[in-house]
Amino acid sequence: MNRLLLAAHPKSYRSRHGAELLACLSEAYPGRSWPPPREAVALARAGVRTRARAVADDTARPWWLDGIHLAALVLAALALVPYLQDVWHWALRIDPGTHAIAFRHSGWFPWARGEGGRTRLLPYGLLPLTALIALLRGKPWIALPAAATMVLAGSVFSGGTLFGTEGKVGLGYYGLGAPITAHDPVLSAALCAACAVLAVCRPGRLRRHSYRRLVPLAFALFVAGGLHVIAVSPLFQRGMFVLEIAGLLAAWVSTAATGDHRWLIPVAAFAFVRVQAIVLRPDGLMRSLPDLLVLVLLIAPLPALAIAARRRQDRALLG
């Protein structure tokens, strides 16, 4: 289990110091496969800092372009999470039965037995999934049409056999606060705008991530589809809350370690999309947390990251 903590460090660091670090952990905590929580947090934080410094020292692309790329990845993932179960069932041709995602609204696939015989050909979740994979590989010209179709689906499609009514009704995603539904144009429009900027600004300079980054995505698809975990279940809500808080903490650690502002861009995009969903929350959908608490959790990281970057820059000048 100690090797999992090394995954937070870059590959180059693991190859040089991985064996030494594992030996130190075995010597300090004999007979334990996992160090104490405080030590585990410290190792994870050190790994995030090391990765952040490596990213900040890379001059192959401007910081703002990398920040927009990260923001597009965050928005694509945010748009995908409610439809993980739906995409899994479609890919494996599974009839979800009564576990179908919002089946009364979105319709059923042709091979499934649903109420009223309403069917659709594709899951709406294929659009953000395509955008996410394309962005991971640094190909925004592929992500842009998928994001544009998301905008079209949310503003025009109101039925039919392509996405059913998914583009107009859709299942809400809650996480930190109010729901984001498929017909909410802000998320899809922000993703589309980010992809357009990336496609115009010399996409060959974008960072290309390995296909291994898709392993957590495949695991999430398996869990959501196999266990029929949908976005309105308490388990899903708690899990997404933890992941979102962890992402905000990672952005803060990275900014404090480097003084770089690129991590402020995805946090700002995430906060903007979530805050507008709270302010313009559709009627009749549940609240996961009190609005005031969610607003504080979403807005507070922005000045915190800016202050952390300024303090790091001031220390660098004094040093």
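Is Arg207 buried or exposed? Arg207 is buried, with a relative accessible area of 18%, where buried means under 20% relative accessible area, exposed over 50% and partly exposed in between (1.4 Å probe, protein chains only).

## Basis of the model

This is a predicted model, in which local features need pLDDT of at least 70, side-chain atom pairs count only at pLDDT 80 or more, and totals for chains, interfaces and linings use all residues. Residues are numbered from 1 along each chain as its sequence is written, and side-chain values use heavy atoms, with hydrogens and water left out.

Arg207 is placed in the loop between helix 9 (185-200) and helix 10 (215-227); helices (H or I, at least four residues) and strands (E, at least two) are DSSP runs, numbered from the N terminus. The side chain of Arg207 forms a polar contact with that of Asp66, at 2.8 Å. A polar contact is a pair of N or O atoms within 3.5 Å; within protein, one must be able to donate a hydrogen and the other to accept it, and residues adjacent in sequence count only if both atoms are side-chain atoms. Apart from neighbours within four places in sequence, Arg207 is in contact (heavy atoms within 4.5 Å) with Val55, Asp58, Arg61, Asp66, His69, Leu136, Gly138 and Arg262.

His209 also lies in the loop between helix 9 and helix 10, and counts as buried at 14% relative accessibility. Its side chain makes a polar contact of 3.2 Å with the side chain of Arg213. With neighbours within four places in sequence set aside, His209 is in contact with Leu73, Leu136 and Arg137.

Helix 3 (residues 37-56) contains 20 residues, and the distance from its first C-alpha to its last is 28 Å, close to the 28 Å expected at 1.5 Å a residue. The expected span is 1.5 Å times one less than the number of residues. The buried residues of helix 3 are Ala40, Leu43, Gly47, Ala52 and Val55.

Helix 4 (residues 63-80) packs with helix 12 (residues 264-279) at an angle of about 40°, their axes being 7 Å apart. Axes are lines fitted to C-alpha atoms, for helices over the stretch in contact, and angles run from 0 to 180 degrees between N-to-C directions. The residues of helix 4 that meet helix 12 include Trp63, Trp64 and Gly67, and those of helix 12 include Ile265, Pro266 and Phe270.

His89 belongs to helix 5 and is buried, with a relative accessible area of 1%. Its side chain reaches the backbone oxygen of Gly225 at 3.3 Å. Not counting residues up to four places away in sequence, His89 touches Ile94, Pro96, Trp111, Gly225 and His228. The C-alpha atoms of His89 and Phe222 are 133 residues apart along the chain and are separated by 9.6 Å.

Arg93 is located in the loop between helix 5 (84-91) and helix 6 (103-106). At 56% relative accessibility, Arg93 counts as exposed. Phi of Arg93 is near 55°, a positive value in a residue other than glycine.

## Cysteines

The model has zero disulfides, a disulfide being a pair of cysteine sulfur atoms within 2.5 Å. The closest cysteine sulfur to that of Cys192 is in Cys195, at 6.8 Å, which is too far for a bond. Cys192 is buried, with a relative accessible area of 17%, whereas Cys201 counts as partly exposed at 24% relative accessibility.
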